[in-house]
Every structure is written in C-alpha cells, then in structure tokens.
Amino acid sequence: MDIGEILKNLGQSSGYYLFGEPEGWKSIIMIIVAFFFLFLGIKKKFEPLLLVGIAFGMLLTNLPGASDQLFHSDWWTNPAGVNYGEVLQHGGLLDILYIGVKTGVYPCLIFIGVGAMTDFGPMLSRPSSLVLGAAAQMGIYLVFILAACTGAFTGGEAASISIIAGADGPTAIFLTKQLAPQILAPIAVAAYSYMALIPLLQPPFMRLLTTKKERMAVMQTSRTVSKKEKIIFPILVTVIVCLLLPSVAPLLGCLMFGNLLKECGVTERLSDTAQNALMNIVTLFLGISVGATAVAATFLTTKTLIIVVLGLAGFVLATISGLLIGKFLYVVSKGKINPLIGSAGVSAVPMAARVSNQMGLKYNQNNYLLMHAMGPNVAGVIGSAVAAGFLLAVFS
Amino acid sequence: MDLILASVLNKDENVAPLDALYLALIGIAVVFVVLIVLMLVIWLMGKIFDSSAKLREKHPELNQKLQNAKAKIMFWKKEQAQAEPAQEVANGTCGELKLINVEERDAAMIMAIVADNLGTPLNELRFISIKKVEDEK
C-alpha cells in the first residue's frame, strides 16, 4: 500500500485542487456571486425565501467536485433531449428536484399558492385597474424588440428575456424552460433579483414622471364586492382567457384555481395548504434547483451580462409604461385616480403595490393607496401570464 | 389567434428587428384586448350585482317576498323530513327502568357498558332494574 499515492489522489480529488484547473477561476467568481446573494437575502432581506435558496443552490453547484454529486448541467442542456431514465437512476438530489422546473410543474404549483393568497377584490371594485395591469406589460414587448435588435439572441431567447419585465418569477421560468432552457439560470436569477430590488428601482421614476399634485391625489373608496362576484370571477376568467389563448391555461388556470379555493368558502383546508405548506415546499425546491443551474461554465458569459442589462431595462420600461397610463387615467378621471398606482401594474405582488403606497404616504400622510394599488398589481399577474401565453403561442 | 401565429416563427432562429416590432405590437394589442374584455366582464358583473342589490333596497316588498319564499322552502324541507317514516325502533326500548340507590348518570353508563360487552345495540336491550349492591363491611 502506497500511502503517498493515496494522499496524492485524495488531494487531487479535492475541490481545492480542482480550483487550479483551467476555468477553475470561474467557479470562484460564481461562489462569490452566491455569497453576495446570500448577503442580499439574509442581511438585506431581499426576497429571502427565494434568494437564499437560489444562492445556496448556486454555491453547491459551483463547488468543484461536490457539484458532480448533486447536479449535472450537461444532462439538461443536451440538444438531443433529456434522458429522464438516466436522471432518475444516476442523478443527484438537485437533478431530481430540477425535473419540476424542467416540466413546468413548480411554476404552476406556485401559481396555485399565489392564487390562494390573492384577493382580487380591489381589482373587481375598480375594473379600470386592468388597463394599468396591461400597460405595465409594454415593458415586456419593448425589451423583446431590444433583444431582437442585439442580434445575439434567438426568437425564443428574446421572448424569455423580455418576460423578465413582467416581474413575475414563475411566469419567467415557465416560459424560459419551454423557449430557451439554456438561459434559464440567468433569467431566473435576474427576474427574482430585480423583483427584490423594486423598492430601489421604482421610486426614482415615480418621482421623475409625476408631479407633486398628482402624487397627492386622494382616491375614493370604490364599491364593495360581493362574495358571489369573487367566486364567479376566477371561473369566468379561466373560461374566457383560456379559450382565447389556450397556451396560457397552465399558469392562469392554476392561479384561478388557487383563488377559487380561497373564495368559494368550502375548501378552507385546501386553501390553507396551497397558501402555506404547498407554497413553502415548492418555493424550497424551486429556489435551490434554479440556483443549481447557474454553473460557472454556462453562466459566466457575455450573454448573461446582456440578459442582466436587458432585464433591468425591462423593469424600468414596465414601470414607466404603467406610470404614463396612470397619468392618462388621472387626466381622464379628473384627478380621481392617482398615477402612482400605475407602477404597481408590474406583477411583483405585493411589493410594487407597497412601493406605490409608501410613495403616496410620503406626500400626503392620509393617502393610503395600498388597496387601490393592489388592483393594478393583481391585474399585472394576469397581464404577464397573458403576455407569456402570447409569446408561447408565437414561438411554439 | 394563437393557432394562426403558431407556425409563424421558429424559437431557435433570430428575429429581425422589424418582425420583432410587428410581433410586439400584436402582443401588446392581445394583452390589452384580453384585459379590456375582462374589464368589461367585471364591469357588467358589478352592474348586475349592484342593480339587484339596489332593486332590493328600493322595493323592500320584493325582498320580503324573497325572504318569504326562502322561509317557505325551509318549511317545506322540514315537512318533508318529518313526513319521512321514522326509523323503526327495536323492541325492548320501551318500558320503565327501576333504579334502586343508583343515579341516572351511573345507570346510563352501566347500560352502555353492558351493551358494549354484549356487542348488542342499546336499543335492542331491555333493562328492568338496576340496583346498587352495598359493600360488605
């Protein structure tokens, strides 16, 4: 027995040794990025439920040697298709969990939970909120044009990048896994990071595009919505929208199903499970498996950098579009609609609505916009799902 | 609409900027159309619910009639339930039970234990008397 040889082999199989291999430096950069996301999630509390999972998945999958035990990125980007038999027989934990992302199961399950947590009441009481929800989706299509103009992306990739502007993580994942799975990691990371940064990104544009008088506009309470309306709404939306755009059915159907569980009043246990246990489990699996896809070799590219920049542009354009239509409604309604609620049309629920509320309170301490902003906010969820359905229908 | 568009573009090919512009215009139009349709549906639904509520407020007699109709339905349901043949009672449940130095609560417990031990429903058993046996000192 050659003890020296054993120790040498042991040393060469360690992650520390593998850092020294060509492109080992990329892993170090990704580990630093993972640490930064952990800092943002834990210390700054930016979407911690997702960001901590994403960051830890990123960390695990970029530790040389250890990553082979957990995740095989090459299996998932194989142009010939995924061999699920091999994944189930020889895959690591993160490979198995990633099946839920690849098949689009997690985003749909998350939408059931989101639906069960969403109150569509503010939107039902003020139907004009839907226009603001639609307006904010203009950011998606403007980024699509920008991405196409760069010439660096295929149609599927441009569509996937553009959906970052929808500020809706599950929708971004659902669309990207179908149109451009090779760029899922940067898109998921960009989408969730920007959603977390909404309190920093939106206010400067809100101040820039609205006057003090507009920001101080007080909105009156709208009509009370009956229980029956809340029950009928998810059923009607499912039928109307899914017949119009069948490709939107998995997302919108799940969103409305979750909402029906909440509103119908006879499935309290299911609603409770969807809001808590199911949502937590899926968020856990989704976060860590999406983070695992950010492998240095495929993540650290110029494309990723362009995606990050375009994603940021998308968020800004979506906010601007919402605010401009908000200003238009302010004029049309003769000051009855505060344009600040326009920026809540991006679907990051309830973060964007909270930002509108805080901005309103800053200029008028008695101006509570939260419930008014929730209307465009939940309309934005429907709007981004419709936009994704359209892009899926075009590129399928 | 999506069936028409489905075969237009390949996801693995680049999109020309002009095509992207057309596509974006169609896309935003689709989003606006869908959400405006929903807006109209919600508005219509709200009008229907509001008008029925107002109608009830304006004409309390209609509301009264509705309440009467509901009450009638409830009464009819009760009658139906009463008209249903009563469950047959096993022989032996009738008659009187004599309790000697035993409280009703204890007697009920004893009868339940006996029925359980025998594996016979309580209403099929007949108890004549239950007497407390004093302990010998």
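Buried means under 20% relative accessible area, exposed means over 50%, and partly exposed lies in between (1.4 Å probe, protein chains only). This structure is a predicted model: local features need pLDDT of at least 70, side-chain atom pairs count only at pLDDT 80 or more, and totals for chains, interfaces and linings use all residues. Residues are numbered from 1 along each chain as its sequence is written, chains are lettered from A and ligands numbered from 1 in the order in which they are written, and side-chain values use heavy atoms, with hydrogens and water left out.

Chain B is described first. Four helices and two strands occur in chain B. Helices (H or I, at least four residues) and strands (E, at least two) are DSSP runs, numbered from the N terminus. Read from the N terminus, the order of elements in chain B is α-α-α-β-α-β. Chain B has 137 residues, and 18% of them are buried. Contact means heavy atoms within 4.5 Å. Of the contacts in chain B with a separation of 6 or more, 63% join residues 24 or more positions apart.

Chain B has two domains, domain 1 (2-83) and domain 2 (98-131). These bounds come from an automatic or database domain assignment. Taken over C-alpha atoms, the centres of domain 1 and domain 2 of chain B lie 62 Å apart.

The interface comes next. Here 33 residues of chain B contact 48 residues of chain A. The area buried between the two chains is about 3,500 Å². Buried area is the accessible area (1.4 Å probe) that two parts lose on being put together, summed over both. Carbon and sulfur atoms give 79% of the area between chain B and chain A.

Polar pairing across the interface was also counted. Six residue pairs, both at pLDDT 80 or more, are in polar contact between chain B and chain A. A polar contact is a pair of N or O atoms within 3.5 Å; within protein, one must be able to donate a hydrogen and the other to accept it, and residues adjacent in sequence count only if both atoms are side-chain atoms. On the side of chain B that touches chain A, helix 1 (2-6) and helix 2 (17-58) of chain B each supply at least two residues. Helix 2 of chain B gives the most to this side, with 23 residues. By class, the side of chain B that touches chain A holds 24 nonpolar, four polar and five charged residues. Ala, Val, Leu, Ile, Met, Phe, Trp, Tyr, Cys and Pro count as nonpolar, Asp, Glu, Lys and Arg as charged, and the others, Gly among them, as polar.

Salt bridges follow. Side chains of opposite charge can pair when their charged atoms come close. A salt bridge is a side-chain nitrogen of Lys or Arg within 4 Å of a carboxyl oxygen of Asp or Glu. One salt bridge crosses the interface of chain B and chain A. It pairs A:Arg223 with B:Asp50, with the closest N and O atoms 2.9 Å apart. A:Arg223 also forms a salt bridge with A:Glu229, with the closest N and O atoms 2.7 Å apart. A:Glu229 is buried, because its relative accessibility is 1%. A:Arg223 is partly exposed, because its relative accessible area is 24%. Shared partners join A:Arg223, A:Glu229 and B:Asp50 into one network of salt bridges.

Over all chains, the whole structure has seven salt bridges. One of them is between A:Lys303 and A:Glu157, whose closest N and O atoms are 3.2 Å apart. This pair links distant parts of the chain: A:Lys303 is in helix 22 (residues 302-332) of chain A, A:Glu157 is in helix 13 of chain A, and they are 146 residues apart. A:Lys303 counts as partly exposed at 31% relative accessibility, and A:Glu157 counts as buried at 2%.

A:Glu214 and A:Lys327 form another salt bridge, with the closest N and O atoms 2.9 Å apart. Here too the pair links distant parts of the chain: A:Glu214 is in helix 17 (residues 212-215) of chain A, A:Lys327 is in helix 22 of chain A, and 113 residues separate them. A:Glu214 is buried at 8% relative accessibility. A:Lys327 is partly exposed, with a relative accessible area of 22%.

Helix 13 (residues 155-162) of chain A also holds A:Ser160. A:Ser160 is buried, because its relative accessible area is 0%. Not counting residues up to four places away in sequence, A:Ser160 touches A:Leu175, A:Thr176, A:Leu179, A:Ala180, A:Ile183 and A:Ile187.
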